[in-house]
Amino acid sequence: MTPARTPDHPIAPLFLSRWSPRAYDASDLPVADLLTILEAGRWAPSAYNVQPWRFLYALRGDTYWQSFLSLLDPFNQRWAGEASALIFLLSDTVMPGDETRPMTRSKYHSFDAGAAWMQIALQATSLGYAAHAMAGLDFENASKVLGLSKRFNLEVGITIGRRAEAANLADDLKAREVPSGRRSLEQMAFAGPFPERFNVIAAE
């Protein structure tokens, strides 16, 4: 894989090759590849090894495809229909009890689910696929369509597929079809306490 971006410090090329395109080629995704991608998510780290992530998926053209697509907001529906698979990432909001602690509401379920997403994205990239996480969802209808109780939180939707040319996208999306950059490490990592100059409170 050829890195699409240049780091400030040496890192594995896989981290640079991963980005979130919107142009897909509408090809079929072998079930074995999808399960390999989800298997990577399965092995994410979690607090107390609770593993709160859950994956609901539909493959292009199967029984669930259209109902899953209907849960994306109008912007995401414009391009996600050409993906090969659509995954909804859920998290269990309950921290189960054991002999040392009672059952309680988890403070870490979303954080842990985010770790599972990142492993899904990197595994997809390593297999030559693209993965794109979306927060633009119809959360109001999702519980009914996906059969969720209040215990489970819908975190994001994820498209998986082979990349296509940006020319396949609508004109207003073509310009976005490039790997994005990042802030410099000096703007993110600090020795000691958080710098006061960054503690700016936004005006209400």
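A: Let us start with names: helices (H or I, at least four residues) and strands (E, at least two) are DSSP runs, numbered from the N terminus. The model here is predicted, so local features need pLDDT of at least 70 and side-chain atom pairs count only at pLDDT 80 or more, while totals for chains, interfaces and linings use all residues. Residues are numbered from 1 along each chain as its sequence is written, and side-chain values use heavy atoms, leaving out hydrogens and water.

Q: In which order do the four strands of the open sheet stand?

A: Strands of a sheet pair through backbone hydrogen bonds, either parallel or antiparallel. Here the order is β1-β2-β6-β5, with antiparallel pairing (two strands pair if DSSP finds at least two bridges between them). β1 (53-59) and β5 (130-134) are the edge strands, each pairing on one side only. From one strand to the next, the twist averages 25 degrees (angles run from 0 to 180 degrees between N-to-C directions, and axes are lines fitted to C-alpha atoms, for helices over the stretch in contact).

Q: How many bridges join β1 and β2?

A: Seven bridges link β1 to β2 (residues 85-92), in the antiparallel sense. To find one on your screen, look for Leu 56, whose bridge partner in β2 is Phe 88.

Q: Which strands does α5 lie across?

A: α5 lies across β1, β2, β5 and β6 (152-161), at about 10 degrees to β6. Helix α6 (residues 139-146) lies across β1, β2 and β6, but runs at about 85 degrees to β6.

Q: At what angle do α2 and α5 cross?

A: Two packed helices are described by the angle between their axes and the distance between the axes. The axes of α2 (residues 31-42) and α5 cross at roughly 145 degrees and come within 7 Å. Contact (heavy atoms within 4.5 Å) involves residues including Ile 37 and Leu 38 of α2 and Ala 116 and Ile 120 of α5.

Q: How much space lies in the largest pocket?

A: About 540 Å³. A pocket is an open set of points on a 1 Å grid over the protein atoms alone, where a 1.4 Å probe fits, with protein on both sides within 12 Å along at least five of seven lines; lining residues have an atom within 4 Å of a point. Volume is the space filled by probe spheres set on the points, which are joined across faces, edges and corners. There are 19 lining residues, and the closest to the pocket's centre are Arg 5, Ile 11, Phe 15, Leu 16 and Arg 182.

Q: Which element gives the largest share of the lining?

A: That is α5, with three residues.
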